[in-house]
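Thanks for coming. I will show the sequence and the model first, and then go through some computed values.

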Amino acid sequence: MSSDLCWQVIRNNHANLLKKRNVSKPFSKEANNLKNVNSPRYNGLCRRKVIGIEPASGGKGIIISHKTAKYQNKPVKNLVKTTVKAGPRRALNSIRRFIRHNSYRKDLKMAALRRASAILRSQRAQPFKKSRRRTYKAVKKE
Amino acid sequence: MAKNRRQPYAVNKDAGHQTSAESWGTGRAVARIPRVRGGGTHRSGQGAFGNMCRGGRMFAPTKTWRRWHRKIGVNQKRYAMVSAIAATSSPALVMSKGHMIQEVPEVPLVVSDKVQELSKTKEAVLMLKKHRAWTDVLKVYKSKRFRPGKGKMRNRRRIQRRGPLIIYNKDQGLTRAFRNIPGVDTICVEKLNLLKLAPGGHVGRFCIWTESAFRKLDSLYGTWRKESRRKKNYNLPMPKMTNTDLARILKSEEIQAVLRNPKKTVVRRQVKNNPLRNRHALLQLNPYAKVEKKRATASQNKHIKAKAKLLAKQAEAKK
C-alpha cells in the first residue's frame, strides 16, 4: 500500500494524533517521528523508509532505528535498531554518514541531527550548582 | 451502520397534557399561560402545557417513529467491508489505529487451523503470546476505565480499548477459549461484520486469521480475475488509481518527458536605490544624465570662475 494512500487515510485521524485547541499544526506521538509533527514527511508509520532516534536506556547514548526496505509486512524484521554509545561527535557523525552514504531519507538529515543532539545534550552531566546554604555552624564558630 | 442497533426511545405521548388547564386570561396580574383548574392542592393554579412550565410537556416530544435505522445498499456495504479487510493487511494502518503490532512476525497474521480447536482460555492466551499479539491485549487491560459523562448512570459504565480480532472458519471451541480475554473478538469469515473490522468507523483493526478463513476470502469476495463464488455477481471493486505511489508516478518517464526544466534560480529582493540621490541608479535610468551633469558642472565652474574674476576686479578697482 503506497505511502501516499496510507497518508490520505491517516492524515486527519490516527491513534497518535494530538490536536489541541489554539494549536494549528497537530503533533504526532508515533515512535519514529523525528519532529513529532503530523506531516507526511515526518510520519513514522506510513513511509517505506523511516528514521527514528531515541535515547538509549541507561541514560547514555542514542538508538537509531530505521526501516529496512525488505520485510515491509513483517513488523518484527522491518525496524532495525542500532545503539550508539560513543560520544556526541561520533554519534552525530554516524547518523550523518548513515543518511548520506545510504542516501536514506536525506530530507530528514537535519531533523535527525537536531533530535540526536537534543537527546545527547540532555544526557550530559549537569554542571554543579553551588546552592546558597546558610551554614549556621560556621557562623557560630565565628 | 451502528445506528441499526438502536432501540427507540420516546417520551410518553400524554406527558404534560394530563391536565385540563386553561388560561386565566388577562386582568388577573399573572402571566397568560394556561393554569390548572380547581383548588385545594399545590397543583391548582400552576402553569401547564408549556415547555417552560414545571410539569409541562417538553418542546417537540420525542417520538418512537423517529427514523432509527439506516438502510445501506448491499454494494456499498460490500465495498466498505472489502476496504476494511484490505486495510487490516497494512501494518501502517493497523499501527495508526493504535494496535501494538511492533513484534508481530507478519501482517496479515495467518495462523494454523489448530487455533479453531482451542478450548481453554489458557491455551488461547499462550497462542496470543507466541504470536506476539499479547501486547495488544495488555494495552486493553491498561485502557480499562470509567466512561466520562452520564453514560455511567446509563448502563455504560466501563469502557476499554479494542484488541485483536480473530477470524475463523469453523468454530470448534475457539469462541469459548477467547471469550474471556478482554478486547478480543471472534468472528466467522462467512459473517464478517464491518462494525468489528473497522470499529468506530476507522479502518485497520488488528486481525488474526486462521488458515482456512484466509483461504476462504477469495471465494467470498472474488479476485479481480474471478468473480466471487459466494456472492452472486460480485467482484472486487475497481480501484480509482491502480498505482497510488505518487512519488513513483511523478518520477516516471511519461511525466518527466513532458515537464519543463525546474527553475532553480532564486530571485532575491533587490534594494531599490533612489536615482535622485544615487548617481549609479540615475545613470542606469538615464544615461544621458552623465552628459548633462558634466555640462552642468562645467558651466557651473565657468560661472564661478567668472564671478571670482569679477570680484577680484572689483576688489582691485576699490583699491
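**Local geometry and overall shape**

Apart from neighbours within four places in sequence, Ser90(B) is in contact with Met1(A) and Val107(B), where contact means heavy atoms within 4.5 Å. Before going on, the conventions: this is a predicted model, in which local features need pLDDT of at least 70 and side-chain atom pairs count only at pLDDT 80 or more, while totals for chains, interfaces and linings use all residues. Residues are numbered from 1 along each chain as its sequence is written, chains are lettered from A and ligands numbered from 1 in the order in which they are written, and side-chain values use heavy atoms, with hydrogens and water left out.

Back to Ser90(B). This residue sits in the loop between α1 (74-87) and α2 (91-96) of chain B. Helices (H or I, at least four residues) and strands (E, at least two) are DSSP runs, numbered from the N terminus. Is Ser90(B) buried or exposed? Ser90(B) is buried, because its relative accessibility is 5%; buried means under 20% relative accessible area, exposed over 50%, and partly exposed in between, with a 1.4 Å probe and protein chains only.

Pro108(B) belongs to the loop between α2 and β3 (109-111) of chain B. As background, most residues other than glycine have a negative phi, and most peptide bonds are trans.

On phi, there are two non-glycine cases to show. Ser103(A) has a positive phi of about 50° and lies in the loop between α3 (88-101) and α4 (109-123) of chain A. With a relative accessible area of 39%, Ser103(A) is partly exposed. Asn233(B) has a positive phi of about 60°, and its place is the loop between α7 and α8 (246-251) of chain B. Asn233(B) is exposed, at 67% relative accessible area.

Next, helix α7 of chain B, residues 211-221. Its buried residues include Ser212(B), Leu217(B) and Tyr221(B). What do the buried residues of α7(B) pack against? They pack against α1, β6 (165-168) and β8 (207-210) of chain B. Just after α7(B), Gly222(B) has a positive phi of about 80°.

Now the aromatics. Rings of Phe, Tyr and Trp (its six-membered ring) pair if their centres lie within 6.5 Å; planes under 30 degrees apart count as stacked, over 60 as edge-to-face and the rest as tilted. That rule gives four aromatic pairs over all chains. One of them is Phe98(A) with Tyr104(A), a tilted pair at 5.3 Å centre to centre and 40° between the planes. Phe98(A) is buried at 19% relative accessible area, and Tyr104(A) is buried at 7%.

Last, chain B as a whole. Chain B has eleven helices and eight strands. Its radius of gyration is 42 Å, whereas a compact globule of 319 residues would have one near 20 Å; the radius is taken over C-alpha atoms, and the globule rule is 2.2 Å times the number of residues to the power 0.38. Along the principal axes, the C-alpha atoms of chain B fill a box of roughly 135 × 85 × 45 Å. Of the 319 residues in chain B, 30% are buried.
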